[in-house]
Amino acid sequence: MSRAPLAHLNGALVPLAEARVSVLDRGFLFGDGVYEMVPAYGGRPFRLEAHLDRLGRSLAAVGIPNPHDPGRWRAIVEEVVAANGGGDLAVYLQVTRGAAPARDHAPPTDLRPTVLVMASPLRPRAAEVMEAGVSAVRLEDIRWARCDIKAVTLLANVLARREAARRGAAEAILVRDGEVTEGAASNVFAVLGGVLVTPPKGPRLLPGITRDVVLELAAAEGIPAREAPVAADDLDRAEEIWLTSSTRELVPVTRLDGVPVGDGRPGPLWRRLDAAYQALKARHRAGA
Ligand SMILES: Cc1ncc(COP(=O)(O)O)c(C=O)c1O
């Protein structure tokens, strides 16, 4: 993507650097909006239908009318991918409730949602992350009670990531009432007694698309997996811990709160499932 990036804003393709919205946009004033992040491999959006389904659920949950049907969304995403040179991209979709005449918590009912779709290069994962894994820290989950909605209102996630970085870690693993919910921008998996476990879907965490793919691949590989609560203390005896997200894929956590996880190296189940994930991506890239 060497040319200047282009973005789709409310129906028009514009240079990203010139894309503008009103300061009265409720996304700006209240964080009143939702978003998606879709990876594209070889210019082909991956699991787009699942992302558009989740976008639809987020919009419905906050009462913003979905501005487009799935076919129109797909056309916009494909247009933005092509306009940015194809290849491997992270495509960001955002819908806010729109710009109101004045700042007021109660939204008018007749607003036109603001739609932004932009893309940035999806860089290959760093070799050192694959070889050595990353550090994570456990932090209290101070977010709201509807973390299943992919809202742009991410201040608590930002603060968690900021605190993790301050402690030299790549991610914060969030804990509510003694149970792991998810990462600041990822879902969490642990290997406990040879079984892959991830917290169940519900209002406390985002139903990650990568999480679903990992569970599908685990089933196909015959790896025992469960969606069940994970106590924060369980992580102290985990053989492996991973983070999953659309942009970072499957990331092994090899240090938690400064202590090695397992033998301190990326584990064998991570290797197997990461290889399966890479193979799936390669098939997708090739058009399968
Ligand atoms: C809070 C949170 N949980 C989980 C995820 C992973 O979701 P997905 O696999 O759909 O990218 C993300 C992605 O950014 C996230 O922000």
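Predicted model: local features only at pLDDT ≥ 70, side-chain atom pairs only at ≥ 80, totals over all residues.
Take Leu159, which sits in helix H5 (residues 155-166).

Now for the ligand. It has 17 residues around it, and the ones that come nearest are Arg54, Glu182, Ile209, Thr210 and Ser246. A polar side-chain atom of Thr210 is 2.6 Å from a ligand oxygen, while an N or O atom in the Arg54 side chain lies 2.8 Å from an oxygen atom of the ligand. On the backbone side, a polar atom of Ser186 is 3.4 Å from a ligand nitrogen. Taken alone, the ligand would expose 390 Å², and the protein buries 91% of that.

Next, have a look at strand S14 (residues 249-256), where seven of the eight residues are buried. S14 runs parallel to strand S7 (residues 134-140), with three bridges joining the two; Val134 has Val253 of S14 as its bridge partner. Strand S13 (residues 240-245) pairs with S14 in the antiparallel sense over five bridges. Ser245 stands opposite Glu249, and a hairpin of three residues links S13 to S14.

Follow S14 onward to strand S15 (residues 259-260), an antiparallel pairing over two bridges, with Leu256 opposite Val259. Two residues separate S14 and S15 in this hairpin, and Asp257 in the turn has a positive phi of about 50 degrees.

Conventions. Residues numbered from 1 in each chain as written. Heavy atoms only, no water. Helix = DSSP H or I, 4+ residues; strand = E, 2+ residues; numbered from the N terminus. Near = heavy atom within 4 Å. Polar contact = N/O pair within 3.5 Å; in protein donor to acceptor, adjacent residues only side chain to side chain. Areas by Shrake-Rupley, 256 points an atom, 1.4 Å probe, with all protein chains shown as cover. Buried < 20%, exposed > 50% of the residue type's maximum accessible area, 1.4 Å probe, protein only. Pairing = 2+ DSSP bridges.
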